[in-house]
Every structure is written in structure tokens, then in C-alpha cells.
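Student: Could you pick one part of this protein and take me through it closely, then show me how it sits in the whole? I'd like to follow along on the structure as you go.

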Amino acid sequence: MTDVLIVVAHPDDAEIAMGMRMRDHALTGDRVRVHCLSPGAPTPEGAEQRRSECLAAATLLGIAQYTFSHIPDNEFVDRRVEINRELFRVLGERRPDIVYTHFPDDQHLDHRITADEVTTVALREADNLRYFRSPYSHAFEPTEVFVGTPALLQSKAEALRCFASQQQLDMDTFMTLATVTHRQHVHHRVVERFPAGHTCAELFRTARTIQFAAHAEQGNSLS
């Protein structure tokens, strides 16, 4: 079982960027955790609503654990030390095999700082680090294209509908983007060879992948 940790700045960031990948990890038997640095609302009542929305989406996607820090929105610049401390705590609880987070070049400052601090900690505490593309990523060139199915896309859409407080979540737009996003990066001759039913995608960029030899030979082969 692979331990997957997704670290985001705000509620719904993970589901927007990689809802299909999250569901596929869960269906594969991987243990998927999401940690959100911000409660997503300035009041206790609003934060509780956002938390409930996240937990409802997690149930639909098969997420094993969804946790939160309490870094206020738009105060990430002044809270870097606190964010760094929180990330060491979260990764130290159960060191993940793979960490996903925001791409560092992002128009949203909270996303940028999250990416920077996660990178600092994850490169010390985890083997593999990947960035996902969000709607605010800039100059994102993927090294990994995850191609999903209509069923996975439907699961993503159902999860996003849990975030009723976020009126800007336009399902038609997200569904359309998922079905065309890979066309910008994958040649049509490759797309034509995709397995039947694989028609939508999410994009990622690898920061680091560690691979171990499949065959361990005994002794010194150079002698």
C-alpha cells in the first residue's frame, strides 16, 4: 500500500486539481491523506461548514484522512515559520511515499507559499514529490499526464458538488477542461492509442522520483 499525502492551501484545492487521481489512488488500495493548511473561512461557523464539505467529498473519493491547520487565508506570508512547523508535524506523523502539492509558480500567493514550504519539508521527509496544476498555475509544463475515465470524472464532479459554499465551482467548465487539457501537451497520434474509455486528464509535474533497483545482487559484482 502506498501512502499518499496531498497538502493544499485551502479546502477544495485538492479536489479541483486532482479529484480523479485521488479517487484512482483510493481504488488502487493506496492510503490517501489530505492536509489543508487553512480552514477556508474567517469565522468558526464558516470554517466548520468548509470542514464538513471536505469530509463529505472525502467520503465520496475514498480519502482515508482529511486534516486541517489553522493558518488564516491571505496571511501565509507572515506565517511561514508556523506553516513549516505544521508541515514537519504532519509529515512526521506518518511519512508518506508520495507528496502532492501546488505548483510553485502560481498566481495565488497562498498557493506559492504552500508549494515552497512543502517542497522544503518533503524533500527531507518523503521519497517522491509531485506538483499538480491548479487553475492559477503559471507556465506549467507537465511531466506526468494522468488519463482518467468518465467514471472517475463523475466521481470528481460529485465531490466538487459537496462544496456548496463555493459558488464559483462551475461543473460544466471543470468537466470540459478535464476532457481537453491533455490535448495541449500530448500529440494526437499518442492520444489515438489511449485505451478505450480514457478520455479525460489531470496534469502533474515531477519534482523528484526515487526508484530502487528491482534486483538486489549479492556480493561485489565489480571484483
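Tutor: Happy to! Let's start where valine 147 stands opposite alanine 201 in S7. Keep in mind that this is a predicted model. The pairing here is between strand S6, residues 144-148, and strand S7, residues 200-208: the two run antiparallel, with 5 bridges joining them. Of the 5 residues in S6, 4 are buried, so the strand is largely enclosed by the rest of the structure.

H3 covers residues 80-93, and at 1.5 Å a residue its 14 residues should span 20 Å; the C-alpha atoms at its ends are 20 Å apart, so expectation and model agree. Its buried residues are Ile83, Glu86, Leu87, Val90 and Leu91. Looking down the helix axis, you find these buried residues within an arc of 125°, so they line one face of H3. The spacing makes sense if you recall that an α-helix has 3.6 residues a turn, so residues three or four places apart point the same way. On the face turned away from the buried side, H3 carries the exposed residues Val81, Arg85 and Glu93. As for what covers the buried residues, the list includes strands S1 (3-8), S2 (31-36) and S4 (98-102), along with helix H4 (109-125).

Another spot worth a visit is histidine 25, in helix H1, which runs over residues 13-28. Histidine 25 has a relative accessible area of 3%, and since buried means under 20%, this residue counts as buried. Its side chain makes a polar contact of 2.8 Å with the side chain of aspartate 30. Leaving aside residues up to four places away in sequence, histidine 25 touches Val4, Asp30, Val32 and Tyr100.

Now step back to the whole chain. The protein chain has 7 helices and 7 strands, and along the sequence they follow the pattern β-α-β-α-β-α-β-α-β-β-α-α-α-β. The radius of gyration is 18 Å, close to the 17 Å that the globule rule gives for 223 residues, so the chain is as compact as a globular protein of that length. Along its principal axes, the C-alpha trace spans about 65 × 45 × 30 Å. Buried residues account for 48% of the 223. Finally, among contacts between residues at least 6 apart in sequence, 81% join residues at least 24 apart.

Definitions and conventions. Residues numbered from 1 in each chain as written. Predicted model: local features only at pLDDT ≥ 70, side-chain atom pairs only at ≥ 80, totals over all residues. Heavy atoms only, no water. Expected span 1.5 Å × (residues − 1). Buried < 20%, exposed > 50% of the residue type's maximum accessible area, 1.4 Å probe, protein only. Arc of directions from axis to C-beta. Contact = heavy atoms within 4.5 Å. Polar contact = N/O pair within 3.5 Å; in protein donor to acceptor, adjacent residues only side chain to side chain. Pairing = 2+ DSSP bridges. Rg over C-alpha atoms; globule rule 2.2 N^0.38 Å.
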